[in-house]
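Thank you all for making the time this morning.

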Amino acid sequence: MLFHYFKIAWRNISRNKAYSSINLIGLAVGMAVSFVLLLYVYHEFSYDRFNRKRDRLYLAFKNQSNNGVIKTKPLSTEPMAAALVRDFPEVEAAARTNMAENSLVSYGSKRLKMSTIAADASLLDLFSFEFLYGEQRDALAGPSTIVLTSAASRALFGDVDPVGRVVQFNNQYPLTVKAVIKDVAGNSSLAFTAMISWETFIYQRPWMKDAGWDNYSFSTYVLLKPGTSMERVNAKMRGMLAKYDQANKDIQPFLYPVERLHLYNEFQNGVPSGGRIEYVRLFLILAIGILLIACINFMNLSTARSEKRAREVGVRKTMGAGRVALVKQFMGESVLLSLLAFLIALGLVAVLLPVFNQVVGLQLRLPYDNVLAWLAALGVTLLTGLLAGSYPALFLSSFNPVRVLKGRLFTSRASVRPRQALVVVQFTFAVCLILSSIFIYKQVGYIKDRPVGYEREGLVEMTVDGKLFGEFGRFRREAIESGAVADAAMTSAAITDNQQGAWDNRWPNQLPGEDKLVFDCMAVTYHFIKTYGLTLVQGRDFDESRPADSTGVLLNEAAVRLMRMKEPVGQEITWLGVKRKVIGVVKDWVRGSPYEPVKPAIIGFVKDWVGNIGLRLNPGLPASKSLALLQSVYKRYNPEYPFEYKWTDETFSQKFDNEQLLGKISVGFTALAIMISCLGLWGLASFSAEQRKKEMGIRKVLGASVAGLWVQLSREFVGLVLLAFVIGSAVSWYFVHRWLAAYAFHTSLSLWAFLATLLATVVLCLLAVSWQALRAAFANPVDGLRSE
């Protein structure tokens, strides 16, 4: 019997090729889009799942009160790992790491910049790295050792075992390759291409050996013993600094699960408040919504052809077929169509996935070797078939055989109402997507247009490598003389980076407790303001002709306001434990999130605390010419290093990556959702035209014009779209308002966005239904009245 159902279903599909093709395309597109989004959602949820000990693996964070608000950062001190192992019996192991740095690794004539971290040997026990060459016990044993990923090893040595070979690190230190591990997964929170031992790191930076409990520049990974409660350990850690660092005992260290780092990475007042999970949930809702739209489209197209199937139902019921048997038959057709759509969807996914990967910057692929993924996909396909076929099967199987065989199928227009409701649901979703896309781009544009406080155009930055540490002055002069740049300055970090902070700052008339406030800080050398195009409000920049400026600082306007200084220039403050004189005030500039207010900042002259160079290209030359001249100067100082730089405006634009990604995906999938929705509307128009065929014939005989008939058939659909617009606008206003409220600076909910959406949806509606409306209006009235 099951075979018989599928045979009849195949005959119906073959007999109605045009209808079946439209149904297949709508369902296949909906499934393909949903599968692509579900692949992305799966990738996001799979972060750090490769670690076999992930349920016991944690990262140390710190909560620190700042001006009444608790700030949370994934930072810890150098001694914390040893203290945790020593003082906490619940801790099985702990490991220190530093922030990843781009380091030069050379072998023979090959020189590559690699993302490098330093770590304790115990880190290899915490994470599940797969060793391809070498042994884990030797990998980070002692100084002068390095571990490479397989991609780094192939780039330097080719497809050979490199264990025992010696590479040059930063053109100064010979390191022995002790092991090669499989490339770190793209969905790992800990990313690197090379790893050196902690002893090697300290040997290269002897001043870090004495880094105490007040230097929060490191990461500490912790493995708890089986059965240990994270909450209990965190409760004990609250008193940790009272023992080791009385001066900063108000800082609260705590552990946070590594497997939650990627999705739940935002904290508000010291409490987890979401993060990337919000976007992932949104994409999941988008996947489900588009699949639901495709199912609704299928229902409308199926019921639109009800008159052509009515006599078949009547005959079958007259011959003794029960309703259950008819439901099974129609459900079988639906499932067969969904299976065919699944095959087409796989082809569409193969086409869409490279484009989607380019947009999101990932390397997602179809999981050909994952049996569970295929079973899940088939499960979704069968569920789609059952859901899409449920209403048509129940509707068609409900026909009265006597009435349909007499040609009287519809008794009232009430039978169209369920399909009208489905179209309203489709277009409500489409309206929400259109409005969301508009306001996402409007918000990004609003923030981008805010003054950033410095001149981004023509500004590039590079890391301080090799001889530039000691010979920057000469390098700057030669770069200016060559015509490559107008000016250059050394800084501790990029102008867009605010990862450095300092507390225990003191100033005149300071109130109790204000020494605990955290200021952004930046170490710079001469020519800082001119190079970056900052606006000097008071005082001057650091001047080489004034030796006393080496103990000076600049403040931004936010710092002046916080310190309540009326005449800041000439005032003396204490910064990093040293008394310094304020020599100038600069206008606030955006360093951290452009969505948040500018934080108080202290800019101090520290010649040795630098790692970044800012260069203002010569505005009188094309950028390509300036960079070519700059490269020739750079190679005279660092011939072994690759010439690498970053445009500051591009770095700043990366701050909008999440919002721009959301906008791009919303626009693309909004277009697809609208296309599928219009197919559903076309189906309902077809259904309505069949139902009102006799009415249209009578109107035409009585003298109705084609335009009048077109209006008569189209207005009910325009009404449905208007209803969908009202519902969608209300839903969008609520959620977009909540989304914008999370930003300190945000755009407004403009009326023009709603009017533009209304116009777009009405035009799309008319385009979708006009074919059926005009077809009915031009039809010969005799064909509609013949049965009378």
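Helices are DSSP runs of H or I with at least four residues, strands are runs of E with at least two, and both are numbered from the N terminus. Please keep in mind that this is a predicted model, in which local features need pLDDT of at least 70 and side-chain atom pairs count only at pLDDT 80 or more, while totals for chains, interfaces and linings use all residues. Residues are numbered from 1 along each chain as its sequence is written, and side-chain values use heavy atoms, with hydrogens and water left out.

With that said, where does helix 16 bend? The bend is at R474, and it comes to about 40°. The ends of the helix tell a related story: helix 16 covers residues 468–481, which is 14 residues, yet its end C-alpha atoms are only 17 Å apart, whereas a straight helix would reach 20 Å at 1.5 Å a residue. That expected span is 1.5 Å times one less than the number of residues. After the helix comes G483, whose phi is positive, near 90°.

Which residues of helix 16 are buried? They are L468, F472, F475, R476 and A479, where buried means under 20% relative accessible area, exposed means over 50%, and partly exposed lies in between, using a 1.4 Å probe and protein chains only.

Let me step back to the whole chain. The protein chain holds 25 helices and 25 strands, and buried residues make up 52% of its 788 residues. Of the contacts in the chain with a separation of 6 or more, 79% are between residues 24 or more positions apart.

For those who think about cysteines, a search of the whole structure finds zero disulfides, a disulfide being a pair of cysteine sulfur atoms within 2.5 Å. C432 is buried, at a relative accessible area of 16%, and C765 is also counted as buried, at 0%.

On a 1 Å grid over the protein atoms alone, a cavity is a set of points where a 1.4 Å probe fits but cannot get out, a pocket is an open set with protein on both sides within 12 Å along at least five of seven lines, and lining residues have an atom within 4 Å of a point. Grid points are joined across faces, edges and corners, and a volume is the space filled by probe spheres set on the points. There are four cavities of 30 Å³ or more. The second largest cavity has about 120 Å³ of space and is lined by 13 residues, with D520, R591, G592, V598 and K599 lying nearest its centre.

The second largest pocket has about 980 Å³ of space, and its lining consists of 27 residues, of which L39, Y42, R365, P367 and N370 lie nearest its centre. Helix 2 (17–45), helix 12 (323–360) and helix 13 (371–396) are the elements that give two or more residues to this lining, and helix 2 gives the largest share, with six residues.

Helix 13 also holds L378, which counts as partly exposed because its relative accessibility is 36%. L378 and L339 are 39 residues apart in sequence but 8.3 Å apart in space, C-alpha to C-alpha.

Is S153, in contrast, buried or exposed? S153 lies in helix 6 (residues 150–157), and it counts as buried because its relative accessibility is 3%. Leaving aside residues up to four places away in sequence, S153 touches L148, G158, V160, P162 and V180.

I will finish with two loop residues. N269, in the loop between strand 13 (266–268) and strand 14 (271–274), has a positive phi of about 55° although it is not a glycine, and N269 is partly exposed at 43%. L576, in the loop between strand 21 (572–575) and strand 22 (578–586), has a positive phi near 60° and is partly exposed at 45%.

Definitions and conventions: Bend = angle between axes of the 7 residues up to and from the residue. Contact = heavy atoms within 4.5 Å.
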